[in-house]
Structures are given as structure tokens and as C-alpha cells.
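Please keep the sequence and the three-dimensional view at hand while reading.

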Amino acid sequence: MLFLILWRLDLVFNSVNLRRQNSKDLENMNIEVVILAAGKGSRMFSASPKVLQKLAGISLISRVVKTAQSVGARKPIVVTGYEAKQVEKHLHSEKISFVKQKEQLGTAHAVSVAVPKLKTDSIVVILYGDVPCIEVETIKVLISKVSSDAIGLLTVNIDSPEGYGRIVRDSNNSVQEIVEQKDASPDQLRINEVNTGVIALTDAQLKFLLPKINNQNAQKEYYLTDIIKLARTIGLEVKTVSPSQLIEVQGVNDKKQLGNLERSYQLIQAQNLMDSGTTIADPNRFDQRGTLSAGADCFIDINCIFEGENVLGSEVHIESNCLIIDSKIADGARIKANSIIEKSHVHENTTIGPYARLRPDTKVMPNAKVGNFVEIKNSMIGDGSKVNHLAYVGDAILERDVNIGAGTITCNYDGTNKHKTSIGENVFIGSNSTLVAPVHIKDGAFVGAGSTITTDVPDNCLGIGRSKQKNIENWQRPKK
Ligand code: UD1
Ligand code: CA
């Protein structure tokens, strides 16, 4: 009992110092963000650490780091532990500080490992590496609640609070403490207001309170959430803020939660595009893993995937099942079903597909057509040119109004080196031709079907490179 009284006295005495120490102008304080990412995430059943799992193509941890940087953190501090090397290698940046939590003894313990890195006179925001959708604006509002007398806590009301820490308020509606699921009484389990894990406070408050947290609880862990009760003991107020969208505070602990969060996230992205005028055939079958901008009146049919940075002009029509990666598709282009376009530039009023594959560094100029089962790599298809059926065009320049017949192949590789094919304006290449590079088919030339072309064809010439047809009379068919 005496011990307890002395301890309380110590808290109160020191907290007076704490406030004096903190009377400085809070507005000019540094922002420090600590991101907890040491856990294995055993419920993922994965060889890689949980925070490296991807949401919409970007790892959970990269998302949180980016948010921390946008909030104004000079150098976010990432606490690693399980497979720390993998996490560091993945983030690989001079603008991040890493600290290692050797044993995962709980969230408070994880924060204590980061404390030596914290600048004095700073506001510290704690984020969890497995809560990837938290918004910059929400964190800024939370930071605005921090003062020498108050700390900020992000909470939210949810219908199924299962698994989260519960927010316990007193009769004045002031936050009293956070009780973890495993430590909660049946009454507390019925509370719908939950802890999101996001806390903001001054470095002085954190350094004062953190060492006072113990591990006497159901999981024998040092819970960061215990800091709330301790803050109240020394008379600090706990000011709560709620996010504008629930998705911001959803944690990812297993593959089911990851899958559900992915769908919610994709739906929001689809809605944003629809809000700016794009028609999406089914927002539940739309995937954007990166950035996508679209001009007026674009249409996107079901099951299209957009990876990396993509830009669509206006009136672009994309049929079902297309995969578009880091590409630009200009006004009025039509991408037919099942096409793949990667690091390419598709100009105005072109038609691509169905079943076309544009590999990196392809330029399809205005009004050109690339048809079914055509593969193009590192090539330019000139204005109005057509490569309509079953062809391979690699390392080639096609000028305007070229027609490439079905089954044509540019033989660009001799087993060691790559070579270029040039095809001038208004050239016609007959079906099933083999153009052995380096070779130049000049303006207006015509290549007979089935040719193997190994030397240049001059302007307006017919190039024909195949054995002459023989017809043998009175041919006797083989007998059985
Ligand atoms: C935590 C909160 C809970 C809150 C929930 C929100 C605590 C004690 N509980 O529970 O109140 O409702 O988040 O999502 O804080 N980590 C470390 N080192 C450790 C332990 C954890 O770095 O020793 C990291 C994990 O990698 C993870 C984060 O901290 O990124 C949260 O840990 P997790 O075990 O997922 O906590 P929850 O049970 O979800
Ligand atoms: Ca979690």
C-alpha cells in the first residue's frame, strides 16, 4: 500500500516537471513517426513478414512509410524484428531509420526500442505496420490534439469489435483505459469503440510513461495501450479523433482480412474513377495496383487490371480481361478483350487486340491497328499501319500505312545479338514472311507471301524469296 502511494506521488511529482518542460510552442515541434513492424504475422502462414504482404500491389509497410513521410516525419523510424533484413532491403532508403526489436515482447516494448532515436521536443505518432490505409489528414487532426496536457488517440466505433482493444470511458465520457480483447470482462467485450493503434503524444510524455508499463496481463506482453491509463493517472487528458472512413483503421492479421481489405480498397478506387466520369462495367471486378488517370467518357469492362502508372486519354474503351502496365493510351483508342500492354504508348484512335501483347517500348501511332495473337516489342507501328493477325514484330520501325500479313515474323535475334528491321511507308508484307534482321524494306516495296527476306528490298520493288513452284503432272497418290 505504502509502495503504491509513493509510486503515485512519484508520478504526480514528475508529471509537474513534465508539463513545465512542455510549455514550449508545440506548433514548431518536429514530427516523429514510429512504425511498428517487428511481428511475424503468424496468422498469415507465410515465409515473409506480414508487413511485406501487398495491398493493391504495394506492400503494407511501404504504404505506412509513405503516409508517415507525407505527415512531415523527417525520417520515419521503422521497428523491425522478424526477418528484419528482408524488411530493410524492401524499403531500402536513406530517408528511414531502422531499429531492431530482437524479441517481440509487445507493442510498448517495440516503441521503447525506438525511443533513443527520438529527437527531443517532438510530437511522436505511433503507427502500426499492419494498418496500411491510414490517411495523412486523419493523422494531422490527431497531432493537433496533442498538448502538454493532452495526448491524442484514434478510436472508431465498429459493429464487430472482435480482436481489437476496447476503449473504456468513465461517467464523464472521458477515456479511462484501453482493455485488450484477451483481458476484457464480458461487459467490456460489448463496447463498440475500439483502439486503432494510432497514438500521438510528445516525446517527453512518451519517455515518461513508457518505462512504467508492465507485462502483467493475459498475454504477458508490454502493451502500448496501457499508456492511456498511466496518462490519466498523471492528469493528462486523452483526446480522441475518429477517421473519416473505416478502411483507414482496418488491421491485417490474416489472408482473409487482407483479401477483404483489398476489395474495399479497390471499390474506393473504382468509385473515385466513376466520380470523375469513367464508366466501370462492374466496380467489383476492377483492379488498380498503382495510379490511373482517365479523361472523359472512358469505359472499362470487367476484370481489367491496371498496374503501375497508367494514363488514359478521353473516350478510351477497354474490353474485358486486359492487363495494362505503366502505359499511356490516348483518346479514342480501343483495347479489345484479353490484351496485355506493358510500358507502351498507344496513340489516338488505334485498335489493339483481341489477344494482343504489346511488350515494353512499343509505340502504336495514331489510327494504327494491332490485331489478334500479335506480339510487338520495342517497335514503332506507324500511322495507319496494320499488323492484324498472328505476327511477331520486334526491334522494328514501321513507317505509315504499312500492311503486315498474317504470320509475319521479324527475326531480330541471331542467337547472340539483336538486330533492327526498318520498313518504309506504304510497304506490303505478304503473309508468312520471315524478315531476317538487319534488313530494310524501303518505301512502297512489296514482299511476296511466304518469303524469307535476308537482304534489303529497294523502293517500290517486289521482293520475293521462296523456291519456285513446280507442278508435276499425272501425280499418283500413294496407295494403302
Ligand atoms: C493491437 C492493439 C489493439 C488494437 C489493434 C489495432 C496492443 C497491445 N493492441 O492489437 O488495442 O485494437 O492493434 O489493429 O497494442 N509489433 C511489434 N512488436 C511487438 C508486437 C507487435 O513490432 O512486440 C507490431 C506488429 O508487427 C504489428 C503491430 O505491432 O504491426 C500490432 O501488433 P499486433 O500483434 O498485430 O497487435 P493486435 O493484436 O492487432
Ligand atoms: Ca494487428
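This is a predicted model: local features need pLDDT of at least 70, side-chain atom pairs count only at pLDDT 80 or more; totals for chains, interfaces and linings use all residues.

Which residue of β16 is the bridge partner of I300? The partner is I318.

**The strands**

The pair I300 and I318 belongs to the contact between strand β14, residues 299-300, and strand β16, residues 317-318. These two strands run parallel and are joined by two bridges. Both are members of an open sheet of 11 strands, whose order is β12-β14-β16-β19-β22-β25-β28-β31-β34-β37-β39, with parallel pairing. At the edges of this sheet stand β12 (279-280) and β39 (462-463); each has a single partner strand, so one side of each is left without a neighbour in the sheet. In general, the strands of a sheet pair through backbone hydrogen bonds, in either a parallel or an antiparallel sense.

Parallel pairing is also found between β23 and β26. Strand β23 covers residues 356-358, strand β26 covers residues 374-377, and three bridges join them. Within this pairing, L358 stands opposite I376 of β26. Strand β26 pairs in the parallel sense with strand β29 (residues 392-394) as well, again over three bridges. Here E375 stands opposite Y392 of β29.

**The ligand site**

Ligand 1 is surrounded by 22 residues, and the closest are G39, Q101, Y128, E180 and N195. The residues of this shell comprise eight nonpolar, 11 polar and three charged ones. Elements that each supply at least two residues of the shell are β1 (30-37), α4 (107-114) and β10 (193-202). The space that ligand 1 takes is the largest pocket.

| Protein atom | Ligand atom | Distance |
|---|---|---|
| Y128, polar side-chain atom | ligand 1, oxygen atom | 2.8 Å |
| D130, polar side-chain atom | ligand 1, oxygen atom | 3.2 Å |
| G165, polar backbone atom | ligand 1, oxygen atom | 2.9 Å |

On its own, ligand 1 has 770 Å² of accessible area, of which the protein covers 88%.

**Backbone features in the loops**

Most peptide bonds are trans, and most residues other than glycine have a negative phi. Where does the model hold cis peptide bonds? One joins G353 and P354, with omega about 5°. P354 lies in the loop between β22 (351-352) and β23, and β23 is the strand that pairs with β26. Another cis bond leads from A437 to P438, with omega near 0°. P438 is found in the loop between β35 (434-436) and β36 (439-441).

E315 has a positive phi of about 50°, although it is not a glycine. E315 is placed in the loop between β15 (304-312) and β16, the latter being the strand that holds I318, the bridge partner of I300.

Notes: Residues are numbered from 1 along each chain as its sequence is written. Chains are lettered from A and ligands numbered from 1 in the order in which they are written. Side-chain values use heavy atoms; hydrogens and water are left out. A residue is near a molecule or strand if one of its heavy atoms lies within 4 Å of it. A polar contact is a pair of N or O atoms within 3.5 Å; within protein, one must be able to donate a hydrogen and the other to accept it, and residues adjacent in sequence count only if both atoms are side-chain atoms. Accessible areas come from the Shrake-Rupley method with a 1.4 Å probe; for residues, only the protein chains shown count as cover. On a 1 Å grid over the protein atoms alone, a cavity is a set of points where a 1.4 Å probe fits but cannot get out, and a pocket is an open set with protein on both sides within 12 Å along at least five of seven lines; lining residues have an atom within 4 Å of a point. A molecule sits in a cavity or pocket if more than half of its atoms lie within 2 Å of its grid points. Helices (H or I, at least four residues) and strands (E, at least two) are DSSP runs, numbered from the N terminus. Ala, Val, Leu, Ile, Met, Phe, Trp, Tyr, Cys and Pro count as nonpolar, Asp, Glu, Lys and Arg as charged, and the others, Gly among them, as polar. Two strands pair if DSSP finds at least two bridges between them.
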